[in-house]
Each structure stands twice: as C-alpha cells, then as structure tokens.
Amino acid sequence: MRKFLVTITLLFSVINIMAQEHLSFKGIPIEGSMTAFCQKLKAKGFTQLGHDNNVTMFTGDFTGRQATVGVGATDDGKSVHSVVVIFDESREWNTLVNTYDYYKSLYTRKYGEPSACREHNPSRQDSNISLMYELGQGTVTYASAWSVTGGTIELSIEKAGYSDGVVIIRYRDAQNVETIIQKDLEDI
C-alpha cells in the first residue's frame with residue numbers, strides 16, 4: 001500500500017510540473033496576453049494578415065517553408081491558448097503525404113513515437129484522383145499526436161475546399177486549454 005501511495009504522489013508531482021510548463025511554438029511559450037505573443041511572433045519575422053473571432057493570422061517561415069499561422073485566443077480575446085500551422089493547399093496526394101511524413105519524422109525525432117496515430121488509406125495503390133476524393137469523403141485519415149510537456153501537438157492531412165487537401169499542425173497548451181474547460185464547466 002505504501003508503494004502505491006508513493007507512486008501516486010510521484011505521479012501527481014510530475015503532472016503538476018507538466019501543467020506548470022507551457023507548450024512553446026518557435027521558442028515562444030504559448031501563454032500570456034495575445035498582444036505580447038503576437039509581438040514575439042512578429043519579432044521572429046512573421047507578418048500579420050488579419051484578425052477574426054479571437055484568431056490572429058500570420059504568414060512566415062516555419063522550418064524553411066512558407067506557412068500560414070493562426071494564433072487562438074480565449075473567448076475574451078486576451079490570452080493565447082493555441083497555435084495552428086497551415087501549409088499550402090494541394091490537389092496532389094503525394095505532395096500532402098510527403099509533407100505529412102516529413103513533419104511526422106521531425107516530431108518523432110524530437111518527442112519520440114506519437115501517443116496516437118491513425119493513418120488509414122483504404123488502398124495505397126489508388127490514383128491521385130481517388131485518394132483526393134476519399135480525403136474529401138473522410139475515408140482517408142492521416143493524423144498523429146504527441147503528448148509533450150505543456151500540451152499536445154497534432155499533425156494531420158485534412159480536406160480543404162472541393163478537391164484540395166492541406167497539412168495542418170496544431171499546438172495546444174494544456175494549462176490554457178484546462179482553464180477554458182474549467183470556465184465552461186462553471187457555465188453548465
């Protein structure tokens with residue numbers, strides 16, 4: 001029984017340490033005011049495109065590739081809680097899967113094997129047209145997630161428009177998302 005209590009105490013200590021740390025994007029902790037986070041992103045060379053419904057959009061360099069970056073804020077628009085990286089849309093399955101595979105290998109190299117992974121392609125032999133159609137229908141699924149200190153990172157190939165797909169990387173800070181959940185729980 002004592003060993004169990006020591007294990008539980010140690011586990012809660014690790015969880016508390018992890019919850020106190022924030023996830024980072026390009027070396028910037030995903031915490032604090034939306035304004036301050038956006039200024040730090042601009043200092044890294046990103047250009048602000050606009051602002052809509054608590055999301056501020058930027059364009060800039062991410063690992064040597066041009067990307068659109070969305071920074072998500074809480075309902076009041078004051079605190080940052082997530083970052084989304086969106087690469088250029090493509091109608092070519094090979095372009096999408098090569099981009100996905102590249103980033104999956106990078107994140108695996110840095111964080112280890114994904115904590116969740118679903119890569120479902122009914123037939124790897126299918127043509128580009130068939131695969132893009134199936135992506136639009138939701139029968140092709142490519143997604144991986146890593147539980148890391150401070151939050152989660154999710155990588156996926158998703159439908160974008162009528163016949164296009166897009167590779168997306170989502171950074172979600174655990175502490176800030178938990179704050180939002182707690183607020184929502186108070187409302188119900």
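Which residues form a nonpolar patch on the surface, and with about how much accessible area together? I will come to that in a moment, after a word on the model. What we have here is a predicted model, in which local features need pLDDT of at least 70 and side-chain atom pairs count only at pLDDT 80 or more, while totals for chains, interfaces and linings use all residues. Residues are numbered from 1 along each chain as its sequence is written, and side-chain values use heavy atoms, with hydrogens and water left out.

The patch consists of Ile 181, Leu 185 and Ile 188, which together have about 330 Å² of accessible area. Patches are made of residues with over 30% relative accessible area and no salt bridge, with like charges joined within 9 Å and nonpolar side chains (Val, Leu, Ile, Met, Phe, Trp, Tyr) within 5 Å. A salt bridge here is a side-chain nitrogen of Lys or Arg within 4 Å of a carboxyl oxygen of Asp or Glu, and accessible areas come from the Shrake-Rupley method with a 1.4 Å probe, where for residues only the protein chains shown count as cover. Leu 185 is found in helix 5, residues 174-187; helices (H or I, at least four residues) and strands (E, at least two) are DSSP runs, numbered from the N terminus. The relative accessible area of Leu 185 is 45%, which makes this residue partly exposed, given that buried means under 20%, exposed over 50%, and partly exposed in between (1.4 Å probe, protein chains only).

Let me turn to the aromatic residues. A search of the whole structure finds 11 aromatic pairs, where rings of Phe, Tyr and Trp (its six-membered ring) pair if their centres lie within 6.5 Å, and planes under 30 degrees apart count as stacked, over 60 as edge-to-face and the rest as tilted. Tyr 107 and Tyr 111 form a stacked pair, at 6.2 Å centre to centre and with 15° between the planes. Both lie in helix 3 (residues 93-111), four residues apart, about one turn of the helix. Tyr 107 is buried, with a relative accessible area of 7%, whereas Tyr 111 is partly exposed at 32%. Ring pairs also link these two tyrosines into a cluster whose members include Phe 25, Phe 62, Phe 87 and Trp 146.

Eight strands form an open sheet in the order 3-4-5-6-10-9-8-7, with antiparallel pairing; two strands pair if DSSP finds at least two bridges between them. Strand 3 (47-52) and strand 7 (116-120) stand at the edges with a single partner strand each, so one side of each is left without a neighbour in the sheet.

Strand 4 and strand 5 run antiparallel and are joined by eight bridges, with Thr 56 opposite Val 71 in strand 5. Strand 5 (residues 65-73) in turn pairs with strand 6 (residues 80-86) over six bridges, again in the antiparallel sense; here Thr 68 stands opposite Ile 86, and Gly 70 opposite Val 84.

Finally, some backbone angles. Most residues other than glycine have a negative phi. Asn 54, in the loop between strand 3 and strand 4 (55-62), has a positive phi of about 65° although it is not a glycine. Thr 63 takes a positive phi near 55° in the hairpin of strand 4 and strand 5, which has two residues between the strands.
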